[in-house]
Amino acid sequence: MLTRVWKDPWIPTILARPAKSILNIRDSLLYVNDLIDQNTNLWKLDRLQALIDPVDIPLILGIRPSRTYLSDGFSWSHTKSGNYTVKSGYWVARDLSRPTCDPPFQGPGNIFPRNSLFYNFDFLFWRDREFGIGEKVLELFPWIIWYIWKSKNRFVFENFREPPPETLVLALQETAVWKQATLKEDDSTRPIVFVGSSQTPSTLLPECQLDASWHVDDTLSGHGWVLVRQDLVIHLGLKSTRRNLSPLHAEFNSLL
């Protein structure tokens with residue numbers, strides 16, 4: 001409750017910052033608490049419009065004031081939970097101290113067509129069929145890339161350098177296991193399960209599905225949910241609210 005509007009970093013941007021004013025003369029003792037209606041626990045929209053830059057108003061309205069008058073706290077914007085971790089602090093410090101690097105090496109020009117990472121991924125997963133590469137080889141690429149990524153993480157976080165041949169062997173083994181696990185069973189070999197009269201088949205239970213729409217430039221967030229049983233829609237709900245701080249906030253708001 002002692003957060004100052006013009007001096008403390010409370011606007012939820014990356015990095016957090018004070019609010020921007022549209023006035024030439026600002027009250028240095030204006031607190032965020034003064035912008036909240038104490039009776040309704042909602043933002044005073046008229047006062048926001050009279051003091052705050054219009055760019056900041058949607059960000060402020062995305063913050064839900066506490067209904068229990070808790071003391072102001074801190075939020076770490078580099079984690080989804082808002083809590084500081086040593087690992088996230090390490091990466092932020094590393095990014096701040098890292099010099100400008102050249103673009104990553106994309107491989108020899110006679111293998112990949114361009115120096116664009118995204119174009120080469122497109123080539124690797126789709127375009128290479130035009131060059132006669134078989135499906136059995138193509139299905140290995142995602143697993144090889146995945147295990148290269150895991151090997152890099154082990155080196156970064158555990159200081160363990162895995163030999164490339166071992167990474168390739170693990171990727172090939174995992175591909176074989178995945179193919180075996182996704183083979184369709186013969187219906188004749190599946191056990192027949194009888195459902196007693198006291199049990200309700202899971203297919204007869206209703207299922208609630210929800211989702212949210214969020215865009216950084218929109219002033220509103222959309223929320224929707226539907227209750228279905230098999231292919232039958234039992235109930236449908238839609239609403240819109242002021243834009244939440246993030247897509248995760250918007251989806252959570254759909255549950256409320």
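These legends describe close-up views of one predicted model.

Local features need pLDDT of at least 70 and side-chain atom pairs count only at pLDDT 80 or more, while totals for chains, interfaces and linings use all residues. Residues are numbered from 1 along each chain as its sequence is written, and side-chain values use heavy atoms, with hydrogens and water left out.

**View 1. The chain holds eight helices and five strands.**
Helices (H or I, at least four residues) and strands (E, at least two) are DSSP runs, numbered from the N terminus. From that end, the order of elements is β-β-α-α-α-α-α-α-α-β-β-β-α. The chain has 256 residues, and 23% of them count as buried. Buried means under 20% relative accessible area, exposed means over 50%, and partly exposed is in between (1.4 Å probe, protein chains only). A contact is a pair of heavy atoms within 4.5 Å. Of the contacts with a separation of 6 or more, 42% join residues 24 or more positions apart.

**View 2. Trp-91 and Phe-157 form an edge-to-face aromatic pair.**
Rings of Phe, Tyr and Trp (its six-membered ring) pair if their centres lie within 6.5 Å; planes under 30 degrees apart are stacked, over 60 edge-to-face, and the rest tilted. The structure holds five such pairs. Trp-91 belongs to helix H3 (residues 86-97) and Phe-157 to helix H6 (residues 141-158), so the pair ties together parts 66 residues apart in sequence. Trp-91 is partly exposed, at 25% relative accessibility. Phe-157 is also partly exposed, at 43%. Together with Tyr-90, Trp-91 and Phe-157 make up one aromatic cluster.

**View 3. Trp-143 and Trp-178 form a tilted pair.**
Their ring centres are 5.9 Å apart, with 50 degrees between the planes. Trp-143 sits in helix H6 and Trp-178 in helix H7 (residues 164-181). The two are 35 residues apart, and the pair links distant parts of the chain. Trp-178 is partly exposed, with a relative accessibility of 43%.

**View 4. Two lysines lie over aromatic faces.**
A charge sits over a ring if NZ of Lys or CZ of Arg is within 6 Å of the ring centre and within 35 degrees of the ring normal. Lys-87 lies over Phe-157, at 4.7 Å from the ring centre. Lys-152 lies over Trp-149, at 4.0 Å from the ring centre.

**View 5. The largest nonpolar core has 17 residues.**
A nonpolar core is a set of buried Ala, Val, Leu, Ile, Met, Phe, Trp, Tyr and Cys residues joined through side-chain atoms within 4.5 Å. Val-5, Trp-10, Trp-43, Leu-48 and Ile-52 have the most contacts inside this core. Helix H1 (45-51) and helix H2 (57-61) are the elements that give two or more residues to the core. H2 gives the most, with four residues. Beyond its neighbours within four places in sequence, Leu-48 contacts Leu-35, Trp-43, Ile-57, Ile-60 and Leu-61.

**View 6. Asp-56 is buried in the loop between H1 and H2.**
Its relative accessible area is 0%. Not counting residues up to four places away in sequence, Asp-56 touches Ile-11, Arg-17, Ala-19 and Lys-20.

**View 7. Strands S4 and S5 run antiparallel.**
Two strands pair if DSSP finds at least two bridges between them. Ten bridges join S4 to S5. The two strands form a hairpin with two residues between them. In the turn, Gln-230 has a positive phi of about 55 degrees. His-223 stands opposite Lys-239 in S5. Ser-240 also lies in S5. Leaving aside neighbours within four places in sequence, Ser-240 contacts Leu-220, Ser-221, Gly-222 and His-223.

**View 8. Helix H8 (residues 247-255) has a buried side.**
The buried residues of H8 are Ala-250, Asn-253 and Ser-254. They cover an arc of only 105 degrees around the axis (from the directions of the C-beta atoms), which puts them on the same side of H8. What covers these residues includes strand S3 (207-213), strand S4 (220-229) and strand S5 (232-242). On the other side of H8, Leu-248, Phe-252 and Leu-255 are exposed.
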